[in-house]
Amino acid sequence: MALKRSSSMKTQLVNAIQLQEVELEEEINTSSSNSTHAEAAEAKAQTEPKCYTVEEAVESIGFGRFHILLFVIMGSANIVEAMEIMLLAVVSPEIRCEWRLEDWQVALVSTMVFLGFMVCGVLCGYVADKYGRWKVVFGGFIWASYFSLLTSFSPSYGWFIFLRCMVGCGVAATSQGFVLKTEFIPAKYRAFLLPLAAVFWMLGSMLIIILGMTVVPTMGWRWMIRFSIIPSIILIGLFMFIPESARFQVSAGNVQGAMSTLNWIARMNGASLPEGELREPEVLERGNAITLISPAFRRTSLLLWYSWFVASFSYYGSVLSGSELLEKNLLCMTDADPEHQIKHNQEEALCYCIPFNMADYQTLLISCLGEVALIPLNIGLLNIFGRKPSLAILQVLSAFFFMIVNICTTMMGFTILLFLLRSVVSMNFNVVYIYTAEVYPTAVRSIGMGFCTSFSRVGGMIAPFIAQVLMSKSVILALSPFALACVICAVGVLFLPIETRGRALLQDA
C-alpha cells in the first residue's frame, strides 16, 4: 500500500515538472513572437516615409506675415464689393431725376445687380472647385471693373440696368475670395480674423459715400462711378501676390504645386512644415452640386440657403430703407427742420428730384461705422457661444431693431438706431459667411458658397421692392417683412446639425 502511494506521488511530480516545461516553452515562443512583430513594425515604420495633410501643414505654419498680407489684400476685395453695392443707394436719387424713373424702376436697378450675382454665383462656385479659386477671383476683378466703367457711359436706363447686371456677375466671382482666404487661416484664428473683414466692407461703404458727397454735386454721378473703379485696378496688381489655395491644389492632384505654396508661406512666416511629405488622396468628385443635398449635408444646405436669403434680405433692406427714409423724408422726427418736414410720395409727382443733402450723407456715413463698431462683440459671440447660437442671437436683434428704427425720435436718435441696425445685420452676414466656409469640405466648398450667395441675392432682389416701393405706402408695412424673416431664421438656425467652432476644415465629403 505504501509502495503504491509512493509510485503515485512520483507520477504526479513528473507530470507537474513536464507541465512547467511546456508553459515555459510557450512563454519563450510568445515572447519571441512579440519581439519579432515589434521589430517588423519598427522596420516598417523606418522604411515608410512620414506624411502629413494640408490641414496639419496649415496649423504647423501658424499665423505670420503671409496671413497679414492675405488679410489686407483679400480684405480689400470687400472694399470693391461694398463700393459696387453701396453705389446703388447713393446713385438712386440721381438717376431717378435724370431719367424720370418711377419707384419700381429705381428698385429694378438693385434687382438686376443681384440677378447677375445670383446667376453667376453658382457658375463661379463650380468653376472655382473645378479649376481653382485664384483664377475665378482674379477674373472677377477684371470683369467687374470693366463693366462698372461702361456703366458710367450708359446712354439710357435700359443700358444702365444691363451693365449693372454684368457688374453683379463680376462681384459674384470676387466673393470666392472669402473661400480662398479661409482655406489658408489656421482654425484657432478664423473666429478672430474673418469677422475683421467687416472693416474693409465699412471702408468701401464710406468711400462711396464720400465720393457721393464730393464728386456728385460738382461733377455728377458718372464721374463718381469712374473714380470708384480705381481700387479695383489697384487690387488687380496686388492680387498677384496671393497664391492658389493649397487645399484646392491637393484635391486636384497637384501635390507638387501645393508643396511649393506651403513652402513659400512657411518661409515667409519663418516657420517650418511638419516632418515628412505631403500626402492626401486626389478628390475626383470636385464641384459636384449633388453633394450639397446628399444625406450628410441636406439639412445643413436647406437651412443655410434660407439663412443666406435672410442675411442679404435684411442687410440690403437696412441699407436701402435708411436711404429711402432720408430721401423721401418719411422719418417720424420730433426735431425736423423745414426741409425734412416735406413728405414725398409717388402720387404727388412723377419725379421728385431731391438729391441727398450734406446731413443725409453724414447720417449714411455714421451708420456705416456700425459695420465695425461691434466687431469685438461679434468675436466674443463666435468664441464663447459658437456659430449657431451667434446666428440666432443676431437674427433676433435684427428683428428688434427693424421694428423700432422708425419710432418718433430726433435725427440723432434715428442715426443711432440705424447705426445699431446696420451693426447687427452686418455681424449676421459675417457669421453666416464664416459658418458656410467651415461646414463644407474642400471638394464642394466653392460651389457650396456659390449656391448660398445665389440664394442670398434672391433676398437682395426682393429687398428693393419692399424698401423702395412699399416704403412710400407704409413705413411699418415695409419694415415688418424684414423683421418677420429674421425671427423665422433665428428659429431655423437652431436646427443646423453641425457646430463648426474649433473644427478642422474637411477635405472631402
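A search of the whole structure finds nine salt bridges, a salt bridge being a side-chain nitrogen of Lys or Arg within 4 Å of a carboxyl oxygen of Asp or Glu. The model is a predicted one, in which local features need pLDDT of at least 70, side-chain atom pairs count only at pLDDT 80 or more, and totals for chains, interfaces and linings use all residues. Residues are numbered from 1 along each chain as its sequence is written, and side-chain values use heavy atoms, with hydrogens and water left out.

**The chain overall**

- The secondary structure comprises 21 helices and two strands; these are DSSP runs numbered from the N terminus, helices being H or I of at least four residues and strands E of at least two.
- Of the 509 residues of the chain, 58% count as buried. Buried denotes under 20% relative accessible area, exposed over 50%, and partly exposed the range in between, with a 1.4 Å probe and protein chains only.
- Among contacts in the chain with a separation of 6 or more, 85% are made by residues 24 or more positions apart, where contact means heavy atoms within 4.5 Å.
- The accessible surface of the chain comes to about 21,100 Å², and 68% of this surface belongs to carbon and sulfur atoms. Accessible areas come from the Shrake-Rupley method with a 1.4 Å probe; for residues, only the protein chains shown count as cover.

**Salt bridges**

- Glutamate 55 and arginine 247 form a salt bridge whose closest N and O atoms are 2.8 Å apart. Glutamate 55 belongs to helix α2 (residues 54–61) and arginine 247 to helix α13, so this pair ties together parts that are 192 residues apart in sequence. Both residues of the pair are buried.
- A salt bridge also joins the side chains of glutamate 84 and arginine 164, at 2.9 Å from N to O. Because glutamate 84 lies in helix α3 (residues 65–98) and arginine 164 in helix α6, the pair ties together parts that are 80 residues apart in sequence. Glutamate 84 and arginine 164 are both buried.
- Aspartate 129 pairs with arginine 133 in a salt bridge, with 2.8 Å between the closest N and O atoms; both of these residues are buried. A network of salt bridges links Asp129, Arg133, Glu183 and Arg445.

**Serine 148 and its surroundings**

- Serine 148 is found in helix α5 (residues 133–151) and is buried, with a relative accessible area of 0%.
- Beyond its neighbours within four places in sequence, serine 148 is in contact with Glu84, Arg164, Val167, Ile225, Ser228 and Ile229.

**Cysteines**

- The structure holds one disulfide, defined as a pair of cysteine sulfur atoms within 2.5 Å. The disulfide is formed by cysteine 120 and cysteine 169, with their sulfur atoms 1.7 Å apart.
- This pair links distant parts of the chain, cysteine 120 being in helix α4 (residues 103–131) and cysteine 169 in helix α6 (residues 157–174), 49 residues apart. The link is left-handed, with -85° about the S-S bond.
- Cysteine 120 is buried at a relative accessible area of 9%, and cysteine 169 counts as buried at 13%.
- Cysteine 165 is buried, with a relative accessible area of 11%.

**Helix α17**

- In helix α17 (residues 375–384), the residues Ile375, Asn378, Ile379, Leu381 and Leu382 are buried. Viewed down the axis of α17, the buried residues fall within an arc of 160°, so they line one face of the helix; the arc is that of the directions from the helix axis to the C-beta atoms.
- An α-helix has 3.6 residues a turn, so residues three or four places apart point the same way.
- The face of α17 turned away from the buried side carries the exposed residues Pro376 and Ile384.
- The buried residues of α17 pack against α8 (187–193), α9 (197–214), α16 (358–373), α18 (387–404) and α19 (411–439).
- Glycine 386, with a positive phi near 100°, follows α17.

**Nonpolar surface patch**

- Met219, Trp223, Phe227, Ile230, Ile234, Leu238, Met240 and Phe241 form a nonpolar patch on the surface, together having about 770 Å² of accessible area. Patches are made of residues with over 30% relative accessible area and no salt bridge; like charges are joined within 9 Å, and nonpolar side chains (Val, Leu, Ile, Met, Phe, Trp, Tyr) within 5 Å.
- At least two residues of the patch are supplied by each of α11 (221–228) and α12 (230–238), and the largest share, three residues, comes from α12.
- Phenylalanine 241 is located in the loop between α12 and α13 (246–251).
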